[in-house]
Amino acid sequence: MEATVVRTGTEGKTWGGGNEPLKASYGKMMMWFFIVSDALTFSGFLAAYGFSRFKFMDSWPIADEVFNHFPFLHGVDAPMYYVALMTFILIFSSVTMVLAVDAGHQLKKGKVTFYMFLTIIGGVIFLGSQAWEWKNFINGTYGAVYTEGGNILQFVDSEGHRVALSDVAASQASPRVEHEARNGVWFESEKSLPSYSIEEVKAGFGENSDLLIRTQIMNEEGEKTILSREESIAKLNSEAVGVIEGANLTRNEYGPPLFADFFFFITGFHGFHVFTGVLINIIIFFNVILGTYERRKNYEMVEKVGLYWHFVDLVWVFVFTFFYLV
């Protein structure tokens, strides 16, 4: 007995059994599957960041004070300028990638080569800029002291401007010993001593009557709370236990350590994507030069890597918004 085959009239059409759903090749569909799954991963990270920021809303660092550096302009307050520049460079690299894909559709090898080269240069500049941002964030700008509970106390002058530890601490002749397993708790050790001890900071603060303490708690105006001179002295002498310069995974001179944790993890994860995209672009770039796609009469590989590059750029727009603008 022969089986009856029911025909629906959709054979060979989109989602009707054909091998190119939505007229997309297998490679492009797989790239879209990867992009969707990776977008969900980034969404989870950014959602966790959002919840944490909401929980510590009254003490979260102010982005304009954290990311205010610009190359070769030492001591100049340039809030968000360099971050905006590196964002523009990454978005512009997405434009050159579009031009490379369009040139590929027209089988213009020379233009594909040129625009792919500009895309790679843009990605490399962005990675270098991100590394520079990390360096400044890790090293810090002014320094601060922390309390037993992990709260950050910063120093300002009578007009509310930040003051660096070097302008606060008084030099003392007493020797300072780095904490190691052999001279302290056996399972703990320090990477290096801070530039100044807490005793030097307290002594210098007491000698300078123009200095005040600024806490990490925001007031009703959305600004960090500045204590009076008497409150500052009492707070520093009774609660300050250590000095912090810059940011790491356990201490952060700008505020809660969670901010640094999320910053390193999410921007690092995105930076890894950019680095991977640059490597893939370089491979495709040399294939274009060797004429691989010219012989195939098909530059679809440029289009596929272009999808990934556009995704990386789009993700940065959300990362930029969450960390720097909101």
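Modeller: Before we start, a contact here means heavy atoms within 4.5 Å. Keep in mind that this is a predicted model.

Colleague: Fine. What makes S94 a residue in contact with others, and which ones does S94 touch?

Modeller: With heavy atoms within 4.5 Å as the test, S94 touches W309, H310 and D313, leaving aside residues up to four places away in sequence. S94 itself is part of helix α3.

Colleague: And why is S94 called buried?

Modeller: Buried means under 20% relative accessible area, and S94 has 13%, so S94 is buried.

Colleague: What does the whole protein chain look like in those terms, and which elements is it built from?

Modeller: Of the 326 residues in the protein chain, 41% are buried. The protein chain has nine helices and five strands, running α-α-α-α-β-β-α-β-β-α-β-α-α-α from the N terminus. Take contacts between residues at least 6 apart in sequence: 69% of these join residues at least 24 apart.

Colleague: On to helix packing. How do you know whether α4 and α9 are roughly parallel or roughly antiparallel?

Modeller: Helix α4 (residues 109–139) and helix α9 (residues 300–325) pack at about 30°, with axes 13 Å apart. Angles under 35 degrees count as roughly parallel, so α4 and α9 are roughly parallel to each other. Their crossing is left-handed.

Colleague: What makes up the contact between α4 and α9?

Modeller: From α4 come V112, M116, T119, G123, F126 and Q130, and from α9 come V302, W309 and W316. By class, that is six nonpolar, three polar and no charged residues.

Colleague: Why is the pair α7 and α9 given another label?

Modeller: Helix α7 (residues 257–290) crosses α9 at roughly 160°, with the axes coming within 10 Å. Over 145 degrees counts as roughly antiparallel, and therefore α7 and α9 are roughly antiparallel to each other. The crossing of α7 and α9 is left-handed, and the contact has 20 nonpolar, six polar and no charged residues.

Colleague: What lies between β1 and β2?

Modeller: β1 and β2 form a hairpin with four residues between them, and G150 in the turn has a positive phi of about 90°.

Colleague: What makes β2 mostly covered?

Modeller: Five of the five residues of β2 (residues 152–156) are buried. I152, Q154 and V156 point one way, whereas L153 and F155 point the other. In general, side chains of a regular strand alternate between the two faces of the sheet.

Colleague: Last one: what makes the phi of M80 and L107 worth a look?

Modeller: Most residues other than glycine have a negative phi. M80, not a glycine, has a positive phi of about 70°, and L107, also not a glycine, has one of about 55°. M80 lies in the loop between α2 (63–66) and α3 (81–105), while L107 lies in the loop between α3 and α4.

Colleague: How do you know whether M80 and L107 are buried or partly exposed?

Modeller: The cut-off for buried is under 20%; M80 is at 12%, so M80 counts as buried. L107 has 36%, between 20% and 50%, so L107 is partly exposed.

Terms used: Residues are numbered from 1 along each chain as its sequence is written. This is a predicted model: local features need pLDDT of at least 70, side-chain atom pairs count only at pLDDT 80 or more; totals for chains, interfaces and linings use all residues. Side-chain values use heavy atoms; hydrogens and water are left out. Axes are lines fitted to C-alpha atoms, for helices over the stretch in contact, and angles run from 0 to 180 degrees between N-to-C directions. Helices (H or I, at least four residues) and strands (E, at least two) are DSSP runs, numbered from the N terminus. Angles under 35 degrees count as roughly parallel, over 145 as roughly antiparallel, 65 to 115 as roughly perpendicular and the rest as oblique. A crossing is left-handed if the near helix is turned anticlockwise from the far one by less than a right angle, and right-handed if clockwise. Ala, Val, Leu, Ile, Met, Phe, Trp, Tyr, Cys and Pro count as nonpolar, Asp, Glu, Lys and Arg as charged, and the others, Gly among them, as polar. Buried means under 20% relative accessible area, exposed over 50%, partly exposed in between (1.4 Å probe, protein chains only). Two strands pair if DSSP finds at least two bridges between them.
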